Amino acid sequence: MATDRTRVAFDAAVDELNRSSLRVVDPTPAQWRRILRENTETEVFRHRIAPVSGRFDASRSPSGAWDQDHIAAHLRELGGAVLGQWERTHDRRALRIAVALWRDVVARAWLTDIATPIGDLADRFLERYQETAALPLLDMAVRLGQDAVFDPLAFQQSRPRRLLVLADALRCRYEYTGDRAALVESMARYREASSGATTGPKALAGIIAMQAHQDMLTGRSGAPRPVELRTDHGPLARAAALTELSAVWLDGFRYTGDSPRLDEAIGALRSALELTPADHRDRPLRMARLGAALRQAFLRHPQVPVLEESVALCRAALALPIDRPGVRAEAMTGLALALRDRHGAEGGTPEHLAEAGLLATELAHAYPPGHPERAAVLDELADLSPDPVRLAPSHEDPGRAGRLLDLAASLPPSDAHRAVAAYAEVARTPGAPLRVRGLASQRWGRSAAEQGDFAGAEQAFRLTVDLLPDLVSPLEQRDDQEYQLMPFGGLASDAAACLLNRGADPAEALDLLERGRCVLFSHALGEVPERVDEVVRSQVAAAGPVVVVNVSRFGSHAIALTAAGTEVIALPGLTPDAVEDRRIALDLAQDLMRSPTVEPDLRWAANRSVTRLLGWLWDTVTGPVLETLGLEPAPDPLPRLWWLPTGQLSLLPVHAAGHHTARDGRTVFDRVVGSCTPTLHQLLRARLRGAHRPPDRSLVVAIGDLPDYRLPAAGREAEVAGARLPGARMLLDGAADPDSVREELATAAWVHIACHATTDVGEPSASRLALAGGALSVVDIGRLRIRDAHFAYLSACGTARGGDVLSDEVIHISSAFQLAGYSHVIGTLWPIVDDVAARIADDVYAELSGGADPARRLHAAVRGVRDEYAGNSPLLWASHQHIGP
């Protein structure tokens with residue numbers, strides 16, 4: 001009954017929250033208590049949540065001590081209630097409430113071993129994620145796992161198991177999202193867990209797995225590194241480790257085609273099966289994986305007995321009790337593929353193919369939409385259905401659109417014309433869910449473009465772009481809006497490329513880029529982007545050329561808007577894959593530079609990598625553009641130019657491109673004073689507000705010494721900025737808490753911030769400035785509306801660096817300050833060296849308050865540092881970027 005009461009109370013609280021105006025993003029325990037106790041708008045909500053939060057208070061004895069067993073029981077009950085809520089409603093706000101409640105308990109009962117039940121909850125959510133592939137559940141597992149190991153000295157006996165759960169969750173996050181921070185933390189947590197007697201084998205196997213991922217990222221080849229299992233590890237532990245190792249070897253085989261890796265995987269799985277009891281819950285999984293590995297061996301060296309063993313193993317796995325849907329689906333997939341291959345081998349029969357077809361039909365339901373393996377599995381099984389589209393429900397069925405979308409995706413490339421027809425039907429279905437229609441129209445456009453039908457692609461892409469604002473407008477939470485937009489990355493660029501490929505007016509391509517990018521920016525301003533017509537084009541180019549660099553797999557172009565007209569410049573060497581490869585290389589170079597223990601030769605290699613990147617950007621992008629526009633090296637004052645890169649190109653230092661060490665004028669810095677802008681309309685807005693205003697209302701924030709980090713030069717920057725901004729309000733170190741900074745920003749026309757910042761490449765709206773006792777996030781800053789805001793200098797790490805996902809939304813700290821009203825923003829693309837940052841700030845402010853152009857001051861300061869280093873060490877000087885008019 002207790003579980004039922006908790007579930008009812010939790011459901012009622014969530015319902016009340018959804019009816020209230022309360023916003024819950026990811027509160028700390030202190031913020032959560034303040035919400036519950038002080039927010040006058042949520043009286044009813046507090047009443048609803050009281051039966052849940054009160055259960056934990058009831059676990060205290062009269063003396064004030066906490067009862068560990070009661071707390072653990074209540075946490076388990078709440079975990080069940082939260083999972084039940086999620087499975088019924090998929091309401092992510094409910095997950096946030098649960099995180100806040102759990103963290104509140106952690107804060108109040110920290111002397112009690114609640115770390116162990118919190119770790120158990122993390123494991124529970126991780127298991128549900130592995131069954132459903134629902135990313136919010138994985139995020140819950142990571143957050144709970146991090147809370148469970150927060151105190152390294154607490155409750156050592158259970159710590160290795162909690163570390164292992166967190167490491168597994170982080171590994172899943174990396175494998176699902178490609179988040180490199182998760183890879184690094186997962187490796188560290190596996191290493192900590194490897195010291196445990198029971199967790200050691202799996203942790204060591206996890207280390208091997210993450211090392212393999214690192215090797216693939218860096219291009220390093222070779223066999224997996226050996227793992228040692230101590231003699232006191234039991235057979236089940238050895239079996240678990242061998243299973244993990246087999247997955248690494250199989251991944252290596254798929255990546256390199258190296259047959260010895262496949263042989264190692266098969267040997268490891270055979271050994272694991274020998275060590276696994278007949279009634280163990282992992283036996284079906286290991287049998288299915290061995291069957292799949294044997295099928296790969298058959299494809300490499302066709303021998304019918306090997307394939308027959310594969311079929312037998314998968315059949316046997318399905319005959320055993322299986323309590324995890326994902327394991328059953330894996331075994332069914334293995335059996336279907338093995339039966340298909342058995343039909344085509346010597347002695348194959350029609351019955352083999354018929355059974356495989358039945359399994360394929362069932363598997364279309366076994367992998368739910370959103371599952372990371374769904375597309376790959378359905379694509380591999382598509383040829384087993386004579387006509388997958390005919391499996392769609394009737395036209396009267398409200399679920400037809402979603403089902404037809406999935407089935408069209410399973411068609412082989414030879415049936416692309418039928419897939420296009422199915423996608424078009426879904427996209428034009430008025431009653432279908434907006435997200436389904438958007439996905440369908442996007443796939444319709446890309447399929448048509450792949451067949452060379454650019455006119456058809458344009459029709460489809462226009463429909464998708466029209467749907468985007470409606471996808472986010474009903475949603476209040478920023479992360480929900482981002483989730484809606486996530487599948488549509490690169491849409492606007494593909495649309496623009498198709499129009500340019502068919503010779504359309506460049507203004508039409510620019511219009512789709514404007515309306516299909518920065519959707520959240522426009523939504524936050526309450527605006528719908530105006531069409532890009534001749535008036536807009538002439539206004540944008542009035543102060544100098546504006547170059548939109550569009551990157552698409554259907555062809556990349558620069559669209560240069562000048563006073564004389566519009567020119568389209570083809571960029572054949574610029575592809576999305578090439579950009580992503582260089583973005584990864586740049587990230588790795590930054591990681592090397594951030595490490596305090598990195599050796600000098602590795603620092604040199606990191607800078608050399610960025611030097612090559614700047615040269616590639618010149619040869620591929622900026623050089624052809626500036627040559628076409630006739631912009632040659634010239635003495636000061638250089639002409640102004642604005643860059644508007646799309647996609648992940650916005651994460652690269654286009655503004656600093658060039659062969660700087662050659663000293664022959666083949667650099668952007670030696671030809672123009674460059675700035676960046678997220679959209680054309682934002683540039684026009686900034687110009688309307690951008691008239692110089694004196695620094696009569698200024699704010700300087702500097703934090704050089706906090707418990708977690710030190711920035712010795714922050715104080716120097718504060719002195720420089722304070723001297724140049726007379727009467728500035730100074731918030732230094734402990735005085736610079738989030739509430740004080742937010743309050744002072746509300747009236748600050750000029751602001752200088754020198755502190756640590758965190759860039760969240762997977763969830764860019766969570767990027768934040770680290771302040772005393774808390775943080776100021778992108779969402780917090782973007783909600784401000786600051787009258788007469790003029791200039792913001794953000795001397796912190798990566799403040800102009802957006803997310804690896806949603807890169808076209810240009811979500812970062814600098815854009816949030818523009819959204820808040822600042823016309824001119826100086827930010828950075830990567831972490832900056834303290835002393836160099838202070839010197840650049842000093843040079844920028846030298847003439848700024850007297851009315852100098854911020855872009856020209858930054859250009860002169862950065863070029864001075866570059867010249868001092870003779871164009872070398874670009875990680876020191878190429879990060880700063882001016883955004884604005």
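Biologist: Hi! At what angle do helix H18 and helix H19 pack?

Modeller: Hello! Keep in mind that this is a predicted model. H18 covers residues 400-409 and H19 covers residues 416-427, and the two pack at an angle of about 160° with their axes 9 Å apart.

Biologist: Is the crossing of H18 and H19 left-handed or right-handed?

Modeller: The crossing of this pair, H18 and H19, is left-handed. On the H18 side the contact involves Arg400, Ala401, Leu404, Leu405, Ala408 and Ala409, while H19 brings in Ala419, Ala422, Tyr423, Glu425 and Val426.

Biologist: And by class, what residues does that contact of H18 with H19 have?

Modeller: Nine are nonpolar, two are charged and none is polar.

Biologist: Thanks. What about H14 and H15, at roughly what angle do they cross?

Modeller: Helix H14 (residues 304-319) and helix H15 (residues 325-344) cross at roughly 150°, and their axes come within 9 Å. That makes H14 and H15 roughly antiparallel to each other, and H14 passes H15 in a left-handed crossing.

Biologist: Which residues of H14 and H15 meet there?

Modeller: From H14 there are Val304, Leu307, Glu308, Ser310, Val311, Cys314, Arg315, Ala317 and Leu318. Their partners in H15 are Arg328, Ala331, Met332, Gly334, Leu335, Ala338, Leu339, Asp341 and Arg342. Sorted by class, the contact of H14 with H15 divides into eleven nonpolar, two polar and five charged residues.

Biologist: Let me jump along the chain. At what angle do H34 and H35 pack?

Modeller: Helix H34 (residues 834-845) packs with helix H35 (residues 854-868) at about 135°, and the axes are 8 Å apart. H34 and H35 are therefore oblique to each other.

Biologist: Is that crossing of H34 and H35 right-handed or left-handed?

Modeller: Right-handed, for H34 passing H35. Val836, Arg839, Ile840, Asp843 and Val844 are the H34 residues, and they meet Arg857, Leu858, Ala861, Val862, Gly864, Val865 and Glu868 in H35. By class, that contact of H34 with H35 has seven nonpolar, one polar and four charged residues.

Biologist: Good. Changing topic: how many disulfides does the structure hold?

Modeller: Zero disulfides. Cys755, for one, is in no disulfide, and its nearest cysteine sulfur belongs to Cys797, 8.6 Å away.

Biologist: Is Cys755 buried or exposed?

Modeller: Cys755 is buried, with a relative accessible area of 1%.

Biologist: And where is Cys518 found?

Modeller: Cys518 sits in the loop between helix H24 (506-516) and helix H25 (519-525). With 1% relative accessibility, Cys518 counts as buried too.

Biologist: What does Cys518 touch, leaving out residues up to four places away in sequence?

Modeller: Cys518 touches Pro678, Thr679, Asp808, Glu809 and Val810. Take Pro678: Cys518 is 160 residues from Pro678 in sequence, yet their C-alpha atoms are 7.4 Å apart in space.

Biologist: Nice. On to the backbone: which residues does a cis peptide bond join?

Modeller: Asp636 and Pro637 are joined by one, with omega at about 0°. Pro637 lies in the loop between helix H28 (600-628) and strand E4 (640-645).

Biologist: What is phi of Asp788 near?

Modeller: Phi of Asp788 is near 60°, which is positive in a residue other than glycine. Asp788 is placed in the loop between helix H32 (778-782) and strand E14 (791-795). Asp788 counts as partly exposed, at 40% relative accessibility.

Technical notes
Residues numbered from 1 in each chain as written. Predicted model: local features only at pLDDT ≥ 70, side-chain atom pairs only at ≥ 80, totals over all residues. Heavy atoms only, no water. Disulfide = S-S within 2.5 Å. Buried < 20%, exposed > 50% of the residue type's maximum accessible area, 1.4 Å probe, protein only. Axes fitted to C-alpha atoms, helices over the stretch in contact; angles between N-to-C directions. Helix = DSSP H or I, 4+ residues; strand = E, 2+ residues; numbered from the N terminus. Left-handed = near helix turned anticlockwise from the far one by under 90°. Contact = heavy atoms within 4.5 Å. Nonpolar A, V, L, I, M, F, W, Y, C, P; charged D, E, K, R; others polar. Parallel < 35°, antiparallel > 145°, perpendicular 65-115°, else oblique.
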